[in-house]
Structure formats: structure tokens, C-alpha cells
Amino acid sequence: MDDFFYLGVITKTFGYKGQVVIYLDTDEPEKYKTLDAVFLKDTDEMLPYMIEEFIYKGANQAIVKFADTDGEDAKNLLKAELYLPMSDLPPLTGNKFYFHEVIGFDVIDKEKGNIGKCLDFMEISHQPIMQIDYNGTEILIPAVDDIFETVDRDNKTITISAPEGLIEIYLQ
């Protein structure tokens, strides 16, 4: 699983020829219009599925026809998660980053200075939250674009501008 990243999920069947609707959980879904294959998670293994047809519909949705999949097969794929190898991630530059990319980076607040290391990200009510370790105390910061000032990949730091009073809540 560490060699793959989550791309989306099959939400429903479409028509009667084995097509499915997928939701692409990405900020730039149009970058995936030319996919030839994806991996579907089946218990503890990843199974490759070749894509015969991919129609991007906007709003992070696409209609997909997998090779050798008919109408009945498509029903069995409902709710299946789609993955791609990490090597397929398009590189990001500037202040854009993948969550896995900045784990272990020092987090520098513009007002408070170094507030610890990024441990992980979690999803709460469709809101990503950065988990930071400050000397054994967990600080939670919303992972939204407005908060991130700079990402320095060379020095492994992220500079943020946390909302006023947020950090103090955790340090009292």
C-alpha cells in the first residue's frame, strides 16, 4: 500500500455495458484523463484493471469502461477504491504539495516560530487537518491553502500563518 496513492472510488454503474462512474479525489482531475489502467484494492492486494474507455465529465467525475468487464462485473466493483503507483503522481512545485510529501517537515508559524514536526494528516468532516508534534503535544491545524505560506522542500520546512489564537489553545 505504501507504493500506491488513493485516486478515488467507484460510485455507481452507468448504463448496461459495464461502465462505472468514478469520483476522482484530486484537486486536478483533468490530469488523469489519459489513464490506461488503475489498481483496485481487493482485501490486502492491488489488482490491475485496464481502462478501455475514460470519459471525463467534470466535477471530479468520469465514466469508465474497464476491459473485460460487463454489466454484472461492474456491479461487483461498486464502492471499490482506485489507486495508482506513487511514480504516477505528477510533480508539484511551489506551495502545492502532497500530504505524504511533507510528513516530517518542520512547521514554522509566522508568529510563533517553529511549532514542531508534521506527523500526518487526517480527514475530519471533509476537512483535512495537519497533525503537528510539539514536544509531545499534538497541535491540529486546518490544511487549507490560505494557511500555507511557503513550502521549502530543500530545508524540509513549511511556513504557515495559523489563525490567531489557534496554536495557543494547544500550548496552554
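How many of the residues of S5 are buried? I count 5 of 6, so S5 is mostly covered (buried means under 20% relative accessible area, exposed over 50%, partly exposed in between, with a 1.4 Å probe and protein chains only). Strands here are DSSP runs of E, at least two residues, and helices runs of H or I, at least four, numbered from the N terminus.

I note the ground rules. The model is predicted, so I take local features only at pLDDT of at least 70 and side-chain atom pairs only at pLDDT 80 or more, while totals for chains, interfaces and linings use all residues. Residues are numbered from 1 along each chain as its sequence is written, and side-chain values use heavy atoms, without hydrogens and water.

**Barrel.** I traced a closed barrel of 6 strands, in the order S1-S2-S5-S4-S3-S6, with antiparallel pairing (two strands pair if DSSP finds at least two bridges between them). Neighbouring strands are turned by 45° against each other on average, direction ignored (axes are lines fitted to C-alpha atoms). S5 pairs with S2 over 5 bridges and with S4 over 6 bridges. Isoleucine 22 stands opposite alanine 62 in S5. Glycine 58 stands opposite glutamine 61. I then looked at the S4-S5 hairpin: 2 residues lie between the strands, and alanine 59 in the turn has a positive phi of about 55°. S3 and S6 are antiparallel, joined by 2 bridges; leucine 40 has leucine 82 as its bridge partner in S6.

Phenylalanine 66 touches Ile10, Val38, Tyr49 and Leu77, among others (contact means heavy atoms within 4.5 Å).

**Salt bridges.** I find 6 (a side-chain nitrogen of Lys or Arg within 4 Å of a carboxyl oxygen of Asp or Glu). Glutamate 101 pairs with arginine 153, the closest N and O atoms being 2.6 Å apart. Both sit in loops, so the pair ties together parts that are 52 residues apart in sequence. Glutamate 168 and lysine 112 also meet at 2.6 Å, N to O. Glutamate 168 is in helix H2 and lysine 112 in the loop between S7 and S8, so parts 56 residues apart in sequence are tied together. Lysine 112 is partly exposed at 43%.

Technical notes
Axes fitted to C-alpha atoms, helices over the stretch in contact; angles between N-to-C directions. Lists of a residue's contacts leave out its neighbours within four places in sequence.
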